[in-house]
Amino acid sequence: MASVDMIDKSTHEIRQALDDYDEARVYKSLKEVAEDLPDHTPRFVLLSYPITTSDGRLSVPYVLLYYLPITCNAEVRMLYAGAKELMRSTSEAGSVIDIESAEDLEEVPEKLASK
């Protein structure tokens with residue numbers, strides 16, 4: 001389960017990103033998240049993803065994905081970089097994983113399993 005958050009540039013408020021119908025959306029798969037990530041704008045993705053640890057236990061870590069595409073402009077990059085630690089501590093996510101493209105989401109389960 002995941003939710004995608006953004007920073008409102010006019011108010012600097014962190015809020016849930018809205019879909020085409022002006023409704024917040026909760027995602028059920030990483031594929032759904034990847035489809036909704038914009039090409040040129042950063043996002044924070046709060047992710048609760050079930051994994052099986054090396055000893056066979058089920059774990060559901062709560063992490064922050066920091067999506068920062070290399071194509072975004074410097075002003076927006078700085079805005080999100082400044083809010084990254086605030087978002088992590090406020091959300092109480094256990095860790096932060098940086099990603100640069102929607103394709104990087106495919107590697108998230110491996111990264112979670114190795115932590």
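I looked up Arg57 and found a salt bridge with Asp55, the closest N and O atoms being 3.0 Å apart (a salt bridge is a side-chain nitrogen of Lys or Arg within 4 Å of a carboxyl oxygen of Asp or Glu). Arg57 and Asp55 are both exposed (buried is under 20% relative accessible area, exposed over 50%, partly exposed in between, with a 1.4 Å probe and protein chains only).

I note that this is a predicted model, where local features need pLDDT of at least 70, side-chain atom pairs count only at pLDDT 80 or more, and totals for chains, interfaces and linings use all residues. Residues are numbered from 1 along each chain as its sequence is written, and side-chain values use heavy atoms, without hydrogens and water.

I searched the whole structure and got four salt bridges. One of them joins Asp98 and Lys84 at 3.1 Å, N to O. Asp98 lies in strand E8 (residues 95-99) and Lys84 in helix H2, so this pair ties together parts 14 residues apart in sequence (helices, H or I, of at least four residues and strands, E, of at least two are DSSP runs, numbered from the N terminus). Asp98 is partly exposed at 44% relative accessibility, and Lys84 is partly exposed at 23%.

I then checked Glu85 and Arg88, whose side chains form a salt bridge at 2.8 Å, N to O. Both lie in H2, three residues apart, about one turn of the helix.

I also examined H2 itself: residues 74-91, with buried residues Val76, Tyr80, Ala83, Met87 and Ser91. Glu92 follows H2 and has a positive phi, near 60°.

Notes. Expected span 1.5 Å × (residues − 1).
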